[in-house]
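Take a look at the model first, then try each task before reading its solution.

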Amino acid sequence: MDNKFKIYIETYGCQMNLSDTEIVSRIVKNAGYELTDSLNNANVVLLNTCSVRENAERKIKERLSQIKKYKNGDSPLVVGILGCMAERLRNKILENNSIVDLAVGPDEYRKVPDLIQKAFAGEKGIAVKLSRVETYDDIEPLRKEGISAWISIMRGCDKFCTYCVVPYTRGRERSRKLALIVDEVKKLWDEGFKEVTLLGQNVNSYKCPETNSDFADLLRQCAKAVPNMRIRFITSHPQDMSDKLIETIAEHDNICKYIHLPIQSGSDRILQLMNRNYTYEHFLGRINKIRSLMPDCALSTDIIAGFPTETLEDHQATLRALEEIRFDGAYMFKYSPREHTKAYKMEDDVPEKEKIRRLNEIIDLQNRISKEINQSEHNKIHYVLAEGPSKKDKKQWSGRTDTNKVVIFKPKETTKVGEIVKVRIFDSTSATLFGEIVQ
Ligand code: SAH
Ligand code: SF4
Ligand code: F3S
């Protein structure tokens, strides 16, 4: 089929969604649609959405009310909601004079072209079944040109942390075959990519459906197959952070020395209520193991402030944990009750003002720590993967260290995108390093 309809996709939420957008892009392209970078010349707009916190959903609702004015034009605009919010809200998203024509959950993207066609015929459509097997293995993601690529290695999540909507929006955990993932890494290298990020809600519970190989096996095979490819991965769960995995990361130079390991809280009582299945002591043990084998490994985390029943004492335990571990960075959130989750049934009893106060205290502390850690980088040498001109100042370039820190530096005339440059750090903020190229 060939048609002149243009599709514009906007992506919200986590990296899994960015990766899914590349899958959807391929599916609609194969069906004959063109993709466009602008809503202004689009016939179809698809929002790939996130439900993880109420704020995320609020943003989408605001965006829909902005899009409404485009729908009144001469040519009809089809509006679709993809992803987690479609899965969570289902029919509700199409009801009450909603401008939304189609809602498609994360496991039904193959139906998008069909539902778009029906929408042009005036029919609203929904596809939100979750699958135990869908991995889109046969669909090659339509990636933008560049040096950095995502590879989804698994879908879904079986952990059921009590605050989290992901197991309900993305269904059961399932892994892709190891051999296919390794082939994909090789192919990406041949196409000019210099860095891949292996994606999953819990990459370290990966299990190959063919060989039963675990995540450490997968990492090792990817690292060996393409020794110059930088290999990253997110997200790891503290419970599944095995010695074997840590040793594998340490053994291979091209597996990046950066681990995102969400702690969520420093209080054992709260961790238990969250169903995280580890204690602070276990978490600290994993950090110590990582640092004993890789002293320079960067670490980041996620924190939730104001979980139900969180006392000042629990909150202090979180602050103490941050002080003791000294993460390089953190993503910090205030607790947001999500329908259907276990925690939703608990009383959301930390007052909003107090949640915000605790969150700000956490942010202030972490920013201070990040700043101090970055200052200790001054005069050190890093190998930076050059990504191209920085957003703020086109004369400067940006890139990332192996430890995933953003470095701003002045390129030489000969510096190329995708090149690894040797940089000495001379300045920093809590979020950025500044460096100069050295020989
Ligand atoms: N699978 C990953 C990421 C899940 S979502 C993991 O387990 O780490 C990313 C982060 O959002 C979580 O780590 C958690 O800190 C935060 N989050 C999830 N649900 C939330 C909620 N209901 N309220 C506030 N933050 C939440
Ligand atoms: Fe959510 Fe927990 Fe699964 Fe992460 S591990 S996606 S926080 S349920
Ligand atoms: Fe959001 Fe769904 Fe990702 S809820 S964080 S887009 S898995």
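This is a predicted model: local features need pLDDT of at least 70, side-chain atom pairs count only at pLDDT 80 or more; totals for chains, interfaces and linings use all residues.

**Exercise 1.** How do the residues of the lining of the second largest pocket divide into nonpolar, polar and charged?

*Solution.* Residues are numbered from 1 along each chain as its sequence is written, chains are lettered from A and ligands numbered from 1 in the order in which they are written, and side-chain values use heavy atoms, without hydrogens and water.

Step 1: sort by class. Ala, Val, Leu, Ile, Met, Phe, Trp, Tyr, Cys and Pro count as nonpolar, Asp, Glu, Lys and Arg as charged, and the others, Gly among them, as polar.

Step 2: The lining has 14 nonpolar, six polar and twelve charged residues.

**Exercise 2.** Which domains give residues to the lining of the second largest pocket, and where does it lie?

*Solution.* Step 1: list the domains. An automatic or database assignment sets their bounds, and the protein is divided into domain 1 (6–127), domain 2 (148–375) and domain 3 (381–437).

Step 1: Domain 2 and domain 3 both contribute residues, so the pocket lies between them.

**Exercise 3.** Which residues surround ligand 3, and which domains does its shell draw on?

*Solution.* Step 1: find the residues with a heavy atom within 4 Å of the ligand. They are Cys14, Asn17, Thr49, Cys50, Ser51, Val52, Cys84, Val166, Arg170 and Gln201.

Step 1: sort them. The shell has five nonpolar, four polar and one charged residues.

Step 2: Domain 1 and domain 2 each supply at least three residues of the shell.

**Exercise 4.** How many residues of domain 1 are in contact with domain 2, and what area is buried between them?

*Solution.* Step 1: count contacts (heavy atoms within 4.5 Å). Here 20 residues of domain 1 touch 18 residues of domain 2.

Step 1: take the buried area, which is the accessible area (1.4 Å probe) that two parts lose on being put together, summed over both. This comes to about 1,800 Å², with carbon and sulfur atoms giving 51%.

Step 2: Met16, Arg53 and Arg88 supply 35% of the area that domain 1 buries against domain 2, more than any other three residues.
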